[in-house]
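Subject: Structure handover

Hi,

Here is the structure for you to look through. Please open it first, then read my notes below.

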Amino acid sequence: ASKLSHEAKETNKRIPFTKKEYDLMVKEAPYFFKQAIMLGWWTGLRAVDVCKLEWASWDADYLTVHTEKTDTRVQLPLDNPMIGGGILREVVAVIDDNDSKYCFPDWAEIISDTNRRSRFSLYFSRFLGRLGIEGKSFHCLRHSFVTRVEQEDYNSSIQKIAKWVGHSNLETTKGYLHETS
């Protein structure tokens with residue numbers, strides 16, 4: 001698989017969410033999914049990394065995550081405008097502090113159980129269906145992040161974006177770029 005191109009690995013066509021869709025999702029989402037959507041949009045984190053986000057990942061200046069898929073260390077500056085310009089501080093401030101390790105302990109448990117992991121995708125897909133958003137998944141937020149940063153911030157090189165999403169291969173990051181209207 002390591003010799004395959006990004007396109008060959010990603011057989012399902014991923015389409016970024018529009019800002020309008022993002023705003024609608026945030027407005028209509030229940031508690032956890034609202035936080036997850038905001039984290040996905042502003043950081044490009046995968047669903048599993050959002051679900052398993054730890055309190056220790058946050059400090060005054062950065063969100064630091066060791067990604068589940070590749071165990072890559074991703075460090076996101078909290079005050080960078082492309083990473084919300086401080087909005088992540090607001091997101092973390094409203095997360096229920098009812099577990100000493102995980103920000104979302106119930107979802108950390110579910111996503112860690114291979115028999116229950118698909119619940120996240122099922123719930124998210126149903127939520128999108130209720131909003132009339134078809135053909136997209138949580139992973140599309142990752143595409144949204146890469147595309148948005150590349151198009152809105154001319155100071156962000158593809159190398160910086162790749163580092164933020166934990167890609168070692170720039171061709172993989174380029175596979176997340178999409179034309180938007």
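Start with H167, which is found in the loop between α9 (158-165) and α10 (170-174). Helices here are DSSP runs of H or I with at least four residues, strands are runs of E with at least two, and both are numbered from the N terminus.

Before going on, note that this is a predicted model: local features need pLDDT of at least 70, side-chain atom pairs count only at pLDDT 80 or more, and totals for chains, interfaces and linings use all residues. Residues are numbered from 1 along each chain as its sequence is written, and side-chain values use heavy atoms, with hydrogens and water left out.

Is H167 buried or exposed? H167 has a relative accessible area of 13%, so it is buried. (Buried means under 20% relative accessible area, exposed over 50%, and partly exposed in between, with a 1.4 Å probe and protein chains only.) The side chain of H167 makes a polar contact with the side chain of T173, at 2.8 Å. (A polar contact is a pair of N or O atoms within 3.5 Å; within protein, one must be able to donate a hydrogen and the other to accept it, and residues adjacent in sequence count only if both atoms are side-chain atoms.) Leaving aside neighbours within four places in sequence, H167 is in contact with R142, A162, T172, T173 and Y176. (Contact means heavy atoms within 4.5 Å.)

D71 sits in the loop between β1 (62-66) and β2 (73-77). Its relative accessibility is 57%, so D71 counts as exposed. Check its backbone too: phi of D71 is near 50°, a positive value in a residue other than glycine.

P30 lies in the loop between α2 and α3. P30 counts as partly exposed because its relative accessibility is 46%. P30 and F127 are 97 residues apart along the chain, yet their C-alpha atoms are separated by 9.4 Å.

**The core**

In soluble globular proteins, nonpolar side chains tend to be buried together. The largest nonpolar core in this model has 53 residues. (Such a core is a set of buried Ala, Val, Leu, Ile, Met, Phe, Trp, Tyr and Cys residues joined through side-chain atoms within 4.5 Å.) F17, M25, I37, W58, F120 and F124 touch the most other members. Helix α3 (residues 31-43) gives the most to this core, with eight residues.

Which residues does W58 contact, leaving aside its neighbours within four places in sequence? They are L39, L53, L63, L78, L88, V92 and C103.

**Helices around α7**

The axes of helix α2 (residues 19-28) and helix α7 (residues 118-131) come within 11 Å and cross at roughly 110°. (Axes are lines fitted to C-alpha atoms, for helices over the stretch in contact, and angles run from 0 to 180 degrees between N-to-C directions.) So α2 and α7 are roughly perpendicular to each other. (Angles under 35 degrees count as roughly parallel, over 145 as roughly antiparallel, 65 to 115 as roughly perpendicular and the rest as oblique.) L24, M25 and E28 of α2 meet F124, F127, L128 and L131 of α7.

The axes of α3 and α7 come within 12 Å and cross at roughly 90°. That makes α3 roughly perpendicular to α7. Here F32, F33 and I37 of α3 meet F120, Y123, F124 and F127 of α7.

For helix α6 (residues 105-112) and α7, the axes come within 7 Å and cross at roughly 115°. W107, I110 and I111 in α6 meet R119, F120 and Y123 in α7.

Best wishes
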